[in-house]
Structures are given as structure tokens and as C-alpha cells.
Amino acid sequence: MASARSFVAKANNTNVGSLILMTLVLGSCIANGEYLGARRGLAAVAGNPTVFDITKNGAVGNGATDSSKAFLNTWLQVCASPVPATLLVPKGDFLAGPVIFAGPCKSKVTVEVQGTILAPPSGYPTPEWFLFEHVDNVVLTGPGTFHGKGEAVWKADGCGQKANCNLPPTSLKFRNILNLDISGISSVNAKAFHMFLVKTKNVNVQNIKLTAPAESPNTDGIHLSNAVNVHIVDSLIATGDDCISVGRGSTNVTVERVTCGPGHGLSVGSLGKYPNEENVAGIHFKNCTMKDTDNGLRIKSWGGSSPSTAVDITFEDITMTNVKNPIIIDQNYGSRGGDSKVAISNVLFKNVRGTTITKDEVQIMCSKSVPCKGVSVVDVELNFVGDKGGHPSASGGLVGALCDNANVIFGGKLSFPMCPK
């Protein structure tokens, strides 16, 4: 700042235009972690992270005042800081959006949400509410809440089971990010997806809570696309669609100690919806709990797909309560028709216990073009507690496992008849 002050002193003596001077001063302030008169952060002096409070840039926590500009201006401060800096959302109800936090940034950035951020009901020129993109080393932490106000648009959502439609905005989207940590936050009533990770690498998600009513359409908890090295742990996801869905190009994904329900379960897919999708590999779900979900553990791919592979997928140590379709591979997902060419192999379902309301506890329905290989079902003990339902066998009875275009290996303790060979 000394250099900026010397410029000002010289200018006063030589009548240099004030607009040029303000530009010089502003540039110097941003380089030192200051912005438009904000206090100089401790980070610029002592090496500690700088905290920038959105209320210092005009945000009002009354739940009615649009604070979008305050969020963006505060982000500019944080992103320009040469040392790790924090964007702070204090306690209060802040109406804002859509908001784009774009990089690259000069150092590590943290967004700490202590209050509640409220979404506007409409007026989204982009398919996201909050978007983080092209910025590395990001931390998003709570204990605050993102309230998507999805109840205002769910009835008008006409997507349903359509293959092509424009979903309402995703609440939190992370795109082209290296090193991302998310913890402690809640997302309530997203208009569509709660959280979307796309083209991200090295992601840790823990202790988050994502909730929406069971009847809310397309409110997936966390959806992954081209996400690499992802670890999701110790979280609660109760939504109207998939709790977690692992999509195309995702590899090395681990999900542990996640409670799911209501919702459509834990899914790999849907795969093969788009041309030339990247392969999926190394997807592991472990020590998870399913409650009142419409599906349990599912792999799904579209008919008529381009060739790709889905390999090394495990679901292990899973507890279920009143779950429909506990274990399912569905390679005729959607309504497009034709054989799926997503080659599924090396899949393990192991130690699945609890209760089901569906007689067909295992449904392995694979593609004629690329039959499933290396599917193992081991130690699956589920007590039937619902209506009979199920598919009739040739003798008119009910079967516990269905297998089509797959040589399934059954082992350990099973609570149902195996597929006939």
C-alpha cells in the first residue's frame, strides 16, 4: 500500500486524473487482500487466512433482500487474495442467486456458511443455483443451510421419465475443480439435484444432510459425472430420487456410512444415455443404511447405448429396512429401446441384511449384446415384510431371484431361491 500512497501524493502535486489514481489504488488493494475500503485481512500481514464477511459488502440477512451482488463481490475479494481466504456467510437468512464462483483463484478458498441461503423461486439463466467452476483447492463448510425452495416448482416439473428435458436448477454444482472438501452443510428442498460433481478430482464429502420429500421429482442427492477420486462418508440423504448416482466417466469412488431414504437408492448410472460415454470403474459402497427406498442397490443402463464398460463395483455390508427391489441390475432403463452396450463386469453384492417389501430380492437383468460377467451375490438375508407382488414362476409360485443374460455366482447365506441355471 505504500507504493499506492506515493502515487497519490505525486498525483496531488501533478494534477493526474483521479480516475486513473483510483484504478491504481484499487489494483494495489486487491493484491494486498483488500477491496473497496474493506479492512486489511490478517493474512496479508501475518500469514493467517483472511475472512471476508458478505454483510460487509451489503448482504442483508432478512430473507427478503437480494444479496447476490454481495456474494459475488465478496468472492472477488476471496479469489484475489494471495493467501488462503474465507468467504463467510454469517447467521441470518440471505436471499441470493443464481451465483457463480469462478476461478482460477490465487490461493485456497473457503466458503463457510453459518446461516441459511435462500434460493429465488425463478429467474435462472443458467441450470445451476450455486456454481463453483475452474477453481482448485476449495472448502465448503457448515453448519449452515442451502434452501432451494423447490416446493415452488415441483408441480410444474414436467420431466418425469422423459429422456430429454430441461431440469430445474441444481442447488450446488462443482465443475472442473481439483481438490474439493465439503462438510457440515445441509441442502433442503432442491429444485432438482442437490449436488452435482462434474469433471472434479480429489473430492471429500462428509457430515452433510440433503433432504427433500419422497414425492419431489428429480431431487437426486449427489450425482457424479467424470468425477475421479471421490470419498463420501457419514452423511444423511433423504430425497425424491437417487440418494447417490454415479454417472459416466467416474472412477475410484467410495461411499461409506451413508444413510439413504426415502429415495431411489444407491445407483451406478444411469449409463449409456449419451453417445460415446467414458467408462466407469472402481465404485464401492460400504456400511450404508437404506430406509424405505424405492430401490436398494442398483446398476442401470439405457438400451440402444454406445459401447462402454462398468467394472469393479461393490456393494458391501448394507442394512435395509422396508426396501423395494433390494438388488437390481437393469440394462433396459428408460424407454429408448434396443440393447444396451454397456458391458458390466466384476460386480459384488455382499452381506446385505434387513427387510424388503418385494419378493424378487435380486433382479439381474442384463443385455443380450453384452451379458454381465462376474456378478456375485453373497450373504444376502432379507426378510419379506410386504405384499407378495413379484413375478410368477412357470409353476405359478413366486421366485426370489431373477437372472437374464448373466451367469450369477451365489454364495454364503441366502434368504431366497437362487436363479435357475
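Hi everyone, here is a short tour of one protein chain, from its overall build to a few of its residues.

Before we start, this is a predicted model, where local features need pLDDT of at least 70 and side-chain atom pairs count only at pLDDT 80 or more, while totals for chains, interfaces and linings use all residues. Residues are numbered from 1 along each chain as its sequence is written, and side-chain values use heavy atoms, with hydrogens and water left out.

Let's begin with the whole chain. It has four helices and 29 strands; these are DSSP runs numbered from the N terminus, with helices being H or I of at least four residues and strands E of at least two. How much of the chain is buried? Of its 421 residues, 49% are, where buried means under 20% relative accessible area, exposed over 50%, and partly exposed in between, using a 1.4 Å probe and protein chains only.

Now to the inside. The largest nonpolar core has 90 residues; such a core is a set of buried Ala, Val, Leu, Ile, Met, Phe, Trp, Tyr and Cys residues joined through side-chain atoms within 4.5 Å. Strand β23, residues 308–323, gives the largest share of this core, six residues. Phe349 is among the residues with the most contacts inside the core. Setting aside neighbours within four places in sequence, Phe349 has contacts (heavy atoms within 4.5 Å) that include Leu297, Phe315 and Ile364.

Next, some charged pairs. The structure holds eight salt bridges, each a side-chain nitrogen of Lys or Arg within 4 Å of a carboxyl oxygen of Asp or Glu. In one of them, Glu128 pairs with Lys173, with the closest N and O atoms 3.3 Å apart. Glu128 sits in strand β8 and Lys173 in strand β11, so this pair ties together parts 45 residues apart in sequence. Are these two buried or exposed? Glu128 is buried, at 4% relative accessibility, and Lys173 is buried too, at 11%. Glu128 also meets Arg175 in a salt bridge, at 3.9 Å from N to O. Arg175 is partly exposed, at 24%.

Finally, where is His264? It lies in the loop between β18 and β19. UniProt lists His264 for "active site" in an unreviewed entry, and such annotations may be inferred rather than shown by experiment. The side chain of His264 reaches the backbone oxygen of Gly240 at 3.3 Å.

How values were computed
A polar contact is a pair of N or O atoms within 3.5 Å; within protein, one must be able to donate a hydrogen and the other to accept it, and residues adjacent in sequence count only if both atoms are side-chain atoms.
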